[in-house]
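Here is a short tour of the model on display, arranged so that you can follow it with the structure open beside you. Take a look first, and then we can walk through it topic by topic.

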Amino acid sequence: MALTTKPKVVVGMSGGVDSSMAAALLKEQGYEVIGVTLQIWESAGPEVEGGCCSISAIDDARRVAYQLGIPHYVMNFRSYFKETVVDYFTQSYLEGETPNPCLACNKYVKFGEMLRKARGLGADYIATGHYAQVLRDPVSNRFLLSKSSDARKDQTYALYMLNQEQLAHTIFPLGEYTKDQVRKMAGELGLGVANKPDSQEICFVPDDDYASFVRERAKNRIKSGNFVDLQGNVLGRHQGIIHYTIGQRKGLGVAFGKPKYVVGLNPSRNEVVLGDDHEVYSDTLWATDLNWISIPDLKEPIKAEAKIRYNSSGAPATLSPLSGGKVVVRFDKPQRAVTPGQAVVFYQGNVVVGGGKISAQTDH
């Protein structure tokens with residue numbers, strides 16, 4: 001029997017080729033598609049090309065929606081974005097972490113508030129141009145997050161925080177395609193964004209100078225302090241801990257006669273800890289703020305591949321539950337630059353088991 005009512009889906013359209021093709025594919029599949037662009041940050045002006053926050057991005061999304069014959073709306077999420085992403089980003093740096101604002105944006109804005117707004121519009125689903133797949137486990141009946149067919153573009157690392165309710169109402173139309181295929185299909189449809197470059201920088205820091213961005217918002221909270229070694233000996237002075245991240249060698253501003261690397265940040269003492277290259281490696285980390293996808297919870301130790309940054313490959317590890325909802329991750333081989341504030345995401349095969357925020361390292 002044919003459906004009398006097409007399922008309604010709200011597509012987050014950033015003005016890029018991926019979200020544009022997500023909308024096109026869903027319309028082709030028979031969905032009632034509504035395009036939505038989230039206004040989350042002040043644009044620098046109409047002459048500025050850039051990521052999802054620019055005026056040109058909104059115009060590109062609007063043009064694609066018109067070409068596809070679907071309605072398009074702009075939703076103002078600026079205050080919510082500032083509260084859940086920008087303020088978190090700033091505070092995280094002040095606490096000696098290296099945050100990933102895209103993860104916070106996905107959690108609170110795109111798959112949190114946008115989903116709530118979409119459901120309020122009577123939509124059954126939201127969709128984005130992320131490269132990932134949502135599956136259903138026939139045994140546990142849980143929704144699963146699985147890697148994209150394009151391993152180079154897979155974005156499951158940035159989606160580990162999705163819960164069962166969100167996965168149940170989310171579609172990733174590009175999960176079965178490669179980026180090259182997506183650009184080719186967009187070109188065949190005559191979409192003007194078919195060859196538009198991907199945005200690389202943090203959308204609200206278009207010049208990529210995150211330290212100046214944080215300093216502007218933190219005012220007088222950033223102070224110079226001491227570089228110290230692992231024994232606490234003072235090695236020199238730093239410009240403020242927001243300027244440093246684990247594993248960093250260049251830009252320290254002090255000559256030591258041999259390469260020195262950032263191996264730790266101590267915000268309570270305003271210290272940047274330096275060490276040799278081998279001291280940048282850790283075989284253990286702790287994770288907090290866990291979200292589990294393929295399992296309800298971690299009750300006993302399991303083996304998994306643990307990925308500690310977006311562009312790294314996973315490393316074999318053992319995950320063990322701790323009290324307070326924390327997890328200790330022990331790697332089979334030490335990993336370089338395990339960075340507090342970044343996410344650690346756990347995989348078994350192509351499926352995301354879950355993930356959390358890196359909070360500490362055993363070595364320091």
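E5 and E6 run antiparallel and are joined by five bridges. Before going further, please note that this is a predicted model, in which local features need pLDDT of at least 70, side-chain atom pairs count only at pLDDT 80 or more, and totals for chains, interfaces and linings use all residues. Residues are numbered from 1 along each chain as its sequence is written, and side-chain values use heavy atoms, with hydrogens and water left out. Helices (H or I, at least four residues) and strands (E, at least two) are DSSP runs, numbered from the N terminus; two strands pair if DSSP finds at least two bridges between them.

**The E5–E6 hairpin**

- Ala 132 stands opposite Lys 147 in E6.
- Six residues separate E5 and E6 in this hairpin.
- Asn 141 lies in the loop between strand E5 (132–136) and strand E6 (143–147), and its phi is near 65 degrees, a positive value in a residue other than glycine.
- As background, most residues other than glycine have a negative phi.
- Four of the five residues of E6 are buried, so E6 is largely enclosed by the rest of the structure.

**The parallel sheet and its helices**

- Five strands make up an open sheet with parallel pairing, in the order E3-E2-E1-E4-E7.
- At its edges are strand E3 (72–76) and strand E7 (170–171), each of which pairs on one side only.
- Five bridges link strand E2 (residues 32–39) with E3 in the parallel sense, and Gln 39 has Asn 76 in E3 as its bridge partner.
- Helix H2 (residues 55–68) packs on the sheet, touching E2 and E3, and its direction makes about 150 degrees with that of E3. Contact means heavy atoms within 4.5 Å; axes are lines fitted to C-alpha atoms, for helices over the stretch in contact, and angles run from 0 to 180 degrees between N-to-C directions.
- Helix H1 (residues 17–28) lies across strand E1 (8–12), E2, strand E4 (125–127) and E7, and runs at about 165 degrees to E1.

**The mixed sheet**

- Which strands form the open sheet with mixed pairing? There are four, in the order E9-E8-E11-E10.
- Strand E9 (234–238) and strand E10 (261–266) stand at the edges with a single partner strand each, so one side of each is left without a neighbour in the sheet.
- From one strand to the next, the twist averages 30 degrees.
- Strand E8 (residues 225–228) and strand E11 (residues 271–275) run parallel and are joined by three bridges; Phe 227 has Val 272 in E11 as its bridge partner.
- E8 pairs with E9 in the antiparallel sense over four bridges, and the partner of Asn 226 in E9 is Arg 237.
- E8 and E9 form a hairpin with five residues between them, and Gly 232 in the turn has a positive phi of about 90 degrees.

- Asp 208, in the loop between helix H6 (179–188) and H7, has a positive phi of about 65 degrees although it is not a glycine.
- Which residues of helix H7 (residues 210–218) are buried? They are Ala 211, Phe 213, Val 214 and Ala 218.
- These residues cover an arc of only 160 degrees around the axis, which puts them on the same side of H7; the arc is that of the directions from the helix axis to the C-beta atoms.
- The buried residues of H7 pack against helix H3 (78–94).

**The chain as a whole**

- The chain contains seven helices and 17 strands.
- Its radius of gyration is 22 Å, close to the 21 Å that the globule rule gives for 364 residues, so the chain is as compact as a globular protein of that length. The radius is taken over C-alpha atoms, and the rule is 2.2 Å times the number of residues to the power 0.38.
- The C-alpha trace spans about 75 × 55 × 35 Å along its principal axes.
- Of the 364 residues in the chain, 51% are buried.

Terms used:
Buried < 20%, exposed > 50% of the residue type's maximum accessible area, 1.4 Å probe, protein only.
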